[in-house]
Amino acid sequence: PVPCPPGSPAPRLPMALRICTLVCRSWGDRPQLCQVACAVGRAESPVRHGAALPQGLDSSLQQWGVVAPSQRQALARRLREATEAAMAALLAAEAELSPQQRGGSRASTDILGVDFLLACVDEALELVALGTNSQRCLETCVLAEAMGRAVGEPRGDLPRLLAEAMLHRAQCHLVEGKDILLIGAGGVSKSFVWEAARDYGLRGRGAGA
């Protein structure tokens, strides 16, 4: 936990900082944080999605009195780790399910929203996970990206990362159900080829070298 800075309004005012994160499945099924957006609300009733204009994490932390750049960077790193760990846990749970249990061979989690609450607990700032969602965080983070562009901020990575996730899924769809001849894929060292083919929904037939 990061110590609450002296004079921070967090311990005194009944306010809470809701942090909305968006994470996507990157190449190699690696979770990657795409965007972060924050909203300030009352502690007893944290602000809901769409009830306040989003703002950046760094500026939100400064408003809370986290002046030291090192503390803000530490919180940002913890947020990234927690968000990507949440998606990694979900992907691991999906991997244990059959295609039928997941809802079909094409069903998978490519984009995930994870909500956090930043609260002061025992004189330390703590990130508390509220839950996951499939669309509300996406809407909030896209709005934050558009607002930043409107005031002259440079283009972020959100459009590129979302496009990569969708293109990867589109490529899987293009090859699904196709017959592919694999030459020299019969060895033990090539077993990963058959695992990938299954994940892509391919029907393969191997031939010796």
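1. Buried here means under 20% relative accessible area, exposed over 50%, and partly exposed in between (1.4 Å probe, protein chains only). Arg 80, at 39% relative accessibility, therefore counts as partly exposed.

2. Some ground rules: this is a predicted model, where local features need pLDDT of at least 70, side-chain atom pairs count only at pLDDT 80 or more, and totals for chains, interfaces and linings use all residues. Residues are numbered from 1 along each chain as its sequence is written, and side-chain values use heavy atoms, with hydrogens and water left out.

3. On to the salt bridges (a side-chain nitrogen of Lys or Arg within 4 Å of a carboxyl oxygen of Asp or Glu). The count comes to 6. Arg 80 pairs with Glu 84 at 3.2 Å, N to O. The two sit 4 residues apart in helix H2, so about one helical turn separates them. Helices (H or I, at least four residues) and strands (E, at least two) are DSSP runs, numbered from the N terminus.

4. Now Arg 18 and Asp 115: their closest N and O atoms are 3.2 Å apart in a salt bridge. Arg 18 is in strand E2 (residues 15-26) and Asp 115 in strand E4 (residues 111-121), so this pair ties together parts 97 residues apart in sequence. Arg 18 is buried at 16% relative accessibility, and Asp 115 is buried at 5%.

5. Arg 78 and Glu 126 also form a salt bridge, at 3.7 Å from N to O. This one links helix H2 (residues 69-95) to strand E5 (residues 124-133), with the partners 48 residues apart. Arg 78 is partly exposed at 25% relative accessibility, and Glu 126 is partly exposed at 25%.

6. Finally, Arg 25, Glu 94 and Asp 110 are linked in a salt-bridge network.
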